[in-house]
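The sequence and the model come first.

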Amino acid sequence: MMRPCFILLSLIVIVVCVKDVKGDPCKQGSVCPLNFFYNPNLESCYNFVISEKITWYDALTVCAQMDANLAAIETQEELDFLRREIKGREIVGSASNGNSFHLGGNILNGHWQWMGGPSWKTKPISFASWASGQPNALGSQKCTLLYGGDDFKFHNWECHLKFHYICEIKMK
Ligand SMILES: [Ca+2]
């Protein structure tokens with residue numbers, strides 16, 4: 001028969017683990033699904049998909065199949081992190097734009113929004129991290145990406161063109 005104090009200690013450990021959102025002691029290695037990487041400061045998991053290039057619409061669908069959204073940039077820290085991670089994977093930008101990464105932003109009825117999916121609902125793009133001169137050409141460039149032709153800064157571009165993409169799962 002277990003002693004009451006052992007049961008109490010066990011309960012405390014369980015509560016501490018459940019409450020520890022950043023989770024290193026309790027959740028290490030199990031925070032994110034396979035192929036996603038956890039950023040404890042941003043409290044999100046990210047999957048940088050460089051194995052294929054697909055349209056923005058297809059990227060939205062593929063991320064949803066991973067229970068994720070196409071990534072949203074909501075702080076300067078998140079923008080810096082995503083650009084640093086891309087460069088850390090030795091992805092090199094190109095003048096033909098081919099190494100860009102789709103993000104989850106698009107424009108609807110004149111309003112830029114982060115598209116909803118399994119991880120969060122559609123919400124306005126409130127943090128203005130656009131590169132200089134962006135957004136432009138609103139008649140044809142209705143989706144967002146980290147643009148390989150401009151050091152992976154935040155641009156709007158054409159949705160039907162095929163690029164890498166970043167899926168994101170918010171953990172809080
Ligand atoms: Ca543009």
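P135 is placed in the loop between β6 (123–124) and β7 (143–147). The model is predicted, and in it the peptide bond from Q134 to P135 is cis, with omega near -10°. Most peptide bonds are trans, and most residues other than glycine have a negative phi.

For E43, phi is near 55°; for E90, the value is about 55°.

| Residue | Phi | C-beta neighbours inside 10 Å |
|---|---|---|
| E43 | near 55° | 14 |
| E90 | about 55° | 7 |

How exposed are these residues, given their C-beta neighbours? E43 counts as partly exposed because it has 14 such neighbours inside 10 Å. E90 has 7 inside 10 Å and therefore counts as exposed. The cut-off for exposed is 12 or fewer, and a residue is buried at 20 or more.

As for the chain as a whole, it holds 4 helices and 9 strands. Along the sequence these follow the pattern α-α-β-β-α-β-α-β-β-β-β-β-β. Of the 172 residues in the chain, 30% are buried. Among contacts with a separation of 6 or more, 66% are between residues 24 or more positions apart.

Technical notes: Residues numbered from 1 in each chain as written. Predicted model: local features only at pLDDT ≥ 70, side-chain atom pairs only at ≥ 80, totals over all residues. Helix = DSSP H or I, 4+ residues; strand = E, 2+ residues; numbered from the N terminus. Contact = placed C-beta atoms within 7 Å.
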